[in-house]
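Me: I have a model open and would like to learn how to read its features one at a time. Where do we begin?

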Amino acid sequence: MTETELIAGCQQADSKAQKLLYERFAGQMYGVCLRYLKNQMDAEEALLNGFMKIYQHIGRFEGKGSLEGWVRRIMVNEALIFLRKKEPMHLAIEDSAVQLAGMGAADHDIAEGELMELLRSLPAGYRAVFNLYAIEGYSHKEIAEMLDITEGTSKSQLSKARAMLQRRLSCQQAIAG
């Protein structure tokens with residue numbers, strides 16, 4: 001089934017097309033949700049809510065850009081909605097994170113699972129901004145609008161998130177080495 005046929009089928013609420021859309025994107029979008037949320041059950045719930053919105057609003061997809069990009073944006077928004085409900089988005093400030101903000105990034109060999117654990121260990125605000133900027137590619141202006149914060153706060157959160165990740169990576173390497 002082509003992407004155009006898949007979209008048309010979903011617009012007509014064809015269960016076969018909906019199942020194919022789910023099968024095509026569920027694994028990848030689950031990973032997106034998991035980056036924002038701390039546990040698998042929350043990520044699964046955000047994923048299912050996201051697919052419900054996709055099925056309800058597939059008629060709004062205008063073909064400008066890729067279907068995958070449209071689906072990803074919905075999933076990111078669902079994960080952020082879920083995150084706001086579950087975790088406070090206040091800004092956790094740690095003195096050591098501020099002190100380490102000037103440290104350069106070292107080359108690290110780290111497994112994907114370890115990286116996911118490090119990301120999940122970040123405070124909610126740091127994690128959201130880091131994911132939106134470093135992984136999803138949103139600008140600080142877009143992040144500020146999405147999270148209802150200032151651009152300066154977005155930049156600060158990113159800097160602090162990076163510093164915290166660097167500190168935790170250094171600690172892991174010290175323990176392993």
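**Reading the helices**

Reply: Axes are lines fitted to C-alpha atoms, for helices over the stretch in contact, and angles run from 0 to 180 degrees between N-to-C directions. This is a predicted model, where local features need pLDDT of at least 70 and side-chain atom pairs count only at pLDDT 80 or more, while totals for chains, interfaces and linings use all residues. Residues are numbered from 1 along each chain as its sequence is written, and side-chain values use heavy atoms, with hydrogens and water left out.

Me: Which residues of α7 and α8 meet?

Reply: Contact means heavy atoms within 4.5 Å. On the α7 side A128, V129, L132 and Y133 take part, and they meet H140, I143, M146 and L147 in α8.

Me: At what angle do helix α6 and helix α9 pack?

Reply: Helix α6 (residues 112-121) and helix α9 (residues 151-176) pack at about 130°, and their axes are 10 Å apart. α6 and α9 are therefore oblique to each other, and their crossing is right-handed. E114, L118, L119 and S121 of α6 meet L165, R168, L169 and Q172 of α9.

Me: How many helices and strands does the protein have?

Reply: Helices (H or I, at least four residues) and strands (E, at least two) are DSSP runs, numbered from the N terminus. The protein has nine helices and zero strands.

Me: Why does the length of helix α3 agree with its residue count?

Reply: The expected span of a helix is 1.5 Å times one less than its number of residues. The 18 residues of helix α3 (residues 40-57) should therefore span 26 Å, and the end C-alpha atoms are 25 Å apart, which agrees.

Me: What happens at the start of α3?

Reply: A side-chain oxygen of N39 comes to within 3.1 Å of the backbone nitrogen of M41. A polar contact is a pair of N or O atoms within 3.5 Å; within protein, one must be able to donate a hydrogen and the other to accept it, and residues adjacent in sequence count only if both atoms are side-chain atoms.

Me: Which residues of α3 are buried?

Reply: Buried means under 20% relative accessible area, exposed over 50%, partly exposed in between (1.4 Å probe, protein chains only). In α3 the buried residues are D42, A43, A46, L47, G50, F51, I54 and Y55, and they pack against α2 (15-36) and α4 (67-86).

Me: Is V32 buried or exposed?

Reply: V32, in helix α2, has a relative accessible area of 1% and is buried. Not counting residues up to four places away in sequence, V32 touches R72, M75, V76 and E136.

Conventions:
Angles under 35 degrees count as roughly parallel, over 145 as roughly antiparallel, 65 to 115 as roughly perpendicular and the rest as oblique. A crossing is left-handed if the near helix is turned anticlockwise from the far one by less than a right angle, and right-handed if clockwise.
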